[in-house]
Amino acid sequence: MTTDHYIPDEKDLSILRLLQKDAKMSVRDISARINLSSTPTHERIKRMEKLGIIREYTAVLDRKKVNKGMMVICMIALNVHNKKTAGKFIEEVGKLKEVVEFYNISGDFDFMLKILAPNMDDFHEFFVNKLSEIEGIGQTKSIFVMNSIKESVQIL
């Protein structure tokens, strides 16, 4: 059974919603909430893990409390559009710990990066000495986030 053919039913969706809100919730607590005994609940969770529907369990941190208060959205257009240049760019950006989200987009720019830094000086250091040194960058546009209205990892 692959995820291409597997469609979660209402019980699975309920489990996923609960785990998104609290990944530490016990199988017993989940079972009670969805009106299903522990064993089938556990089996459903294990199946969704095996299928890759549940990719990982993680802690969501308050970025400001871990000294990553500055968020920058950086748009990047490559100067050459070919597989080799894009592949190398993707490989190099993927190594940068300051980049926490990285998307290939359409429009005037080719990529969008979400970058976290402690402050403007640290962002500048990152931009000048790391990001700008990657070959293939033609144009950049940095957007400094003034206030985060909504941040969520919940997709259901």
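Modeller: We shall go through the domains, the helices, the backbone angles and the aromatic rings in turn. Please keep in mind that this is a predicted model.

Biologist: Into which domains is the protein chain divided, and how far apart do their C-alpha centres lie?

Modeller: There are two entries in the division: domain 1 covers 10–51 and domain 2 covers 63–145. Their C-alpha centres are 37 Å apart.

Biologist: Which residues does the UniProt annotation cover?

Modeller: The unreviewed UniProt entry carries the annotation "domain: HTH asnC-type" for residues 8–69. In the model, that span is 53% helix and 0% strand, and its end C-alpha atoms lie 37 Å apart.

Biologist: Let us turn to single helices. What span does helix 3 reach from its first C-alpha to its last, and what would be expected?

Modeller: One compares the end-to-end reach with the value expected at 1.5 Å a residue. Helix 3 has 13 residues and reaches 18 Å, close to the expected 18 Å.

Biologist: Which residues of helix 3 are buried, and why can they be said to line one face?

Modeller: The buried residues are Thr41, Arg44, Ile45 and Met48. Viewed down the axis of helix 3, they fall within an arc of 95°, and therefore they line one face of the helix. On the other side, Thr39 and Lys50 are exposed.

Biologist: What do the buried residues of helix 3 pack against?

Modeller: They pack against helix 1 (10–21) and helix 2.

Biologist: Which residues of helix 2 are buried, and which are exposed on its other side?

Modeller: Ile30, Ser31 and Ile34 are the buried residues of helix 2. They cover an arc of only 100° around the axis, which puts them on the same side of helix 2. Arg28, Ala32 and Arg33 are exposed on the other side. The packing partners of the buried residues of helix 2 are helix 1 and helix 3.

Biologist: What is the phi of Asn35, and where is its place?

Modeller: Asn35 has a phi near 60°, a positive value in a residue other than glycine. Its place is in the loop between helix 2 (27–34) and helix 3 (38–50). Asn35 is exposed, with a relative accessible area of 64%.

Biologist: Where is Asn67 placed, and what is its phi?

Modeller: Asn67 lies in the loop between helix 3 and strand 1 (70–78), and its phi is likewise positive, near 60°. Asn67 is exposed because its relative accessible area is 51%, and the cut-off for exposed is over 50%.

Biologist: How is a pair of aromatic rings described?

Modeller: Such a pair is described by the distance of the centres and the angle of the planes. A search of the whole structure finds 6 aromatic pairs. One of them is the tilted pair of Phe89 and Phe111, with 4.9 Å centre to centre and 40° between the planes. This pair links distant parts of the chain, with Phe89 in helix 4 (residues 83–94) and Phe111 in strand 3 (residues 111–117), 22 residues apart. Both Phe89 and Phe111 are buried.

Biologist: What are the distance and the angle between Phe123 and Phe126?

Modeller: Phe123 and Phe126 form a tilted pair, 6.4 Å centre to centre with 45° between the planes. They are 3 residues apart in helix 5 (residues 120–129), so about one helical turn separates them. Phe123 is buried, with a relative accessible area of 4%, and Phe126 counts as buried at 4% relative accessibility.

Biologist: Which residues form one aromatic cluster?

Modeller: The cluster consists of Phe123, Phe126, Phe127 and Phe144.

How values were computed:
Residues are numbered from 1 along each chain as its sequence is written. This is a predicted model: local features need pLDDT of at least 70, side-chain atom pairs count only at pLDDT 80 or more; totals for chains, interfaces and linings use all residues. Side-chain values use heavy atoms; hydrogens and water are left out. UniProt positions are given in the numbering used here, feature names are shortened, and annotations may be inferred rather than shown by experiment. Helices (H or I, at least four residues) and strands (E, at least two) are DSSP runs, numbered from the N terminus. Buried means under 20% relative accessible area, exposed over 50%, partly exposed in between (1.4 Å probe, protein chains only). Domain bounds come from an automatic or database domain assignment. The expected span of a helix is 1.5 Å times one less than its number of residues. The arc is that of the directions from the helix axis to the C-beta atoms. Contact means heavy atoms within 4.5 Å. Rings of Phe, Tyr and Trp (its six-membered ring) pair if their centres lie within 6.5 Å; planes under 30 degrees apart count as stacked, over 60 as edge-to-face and the rest as tilted.
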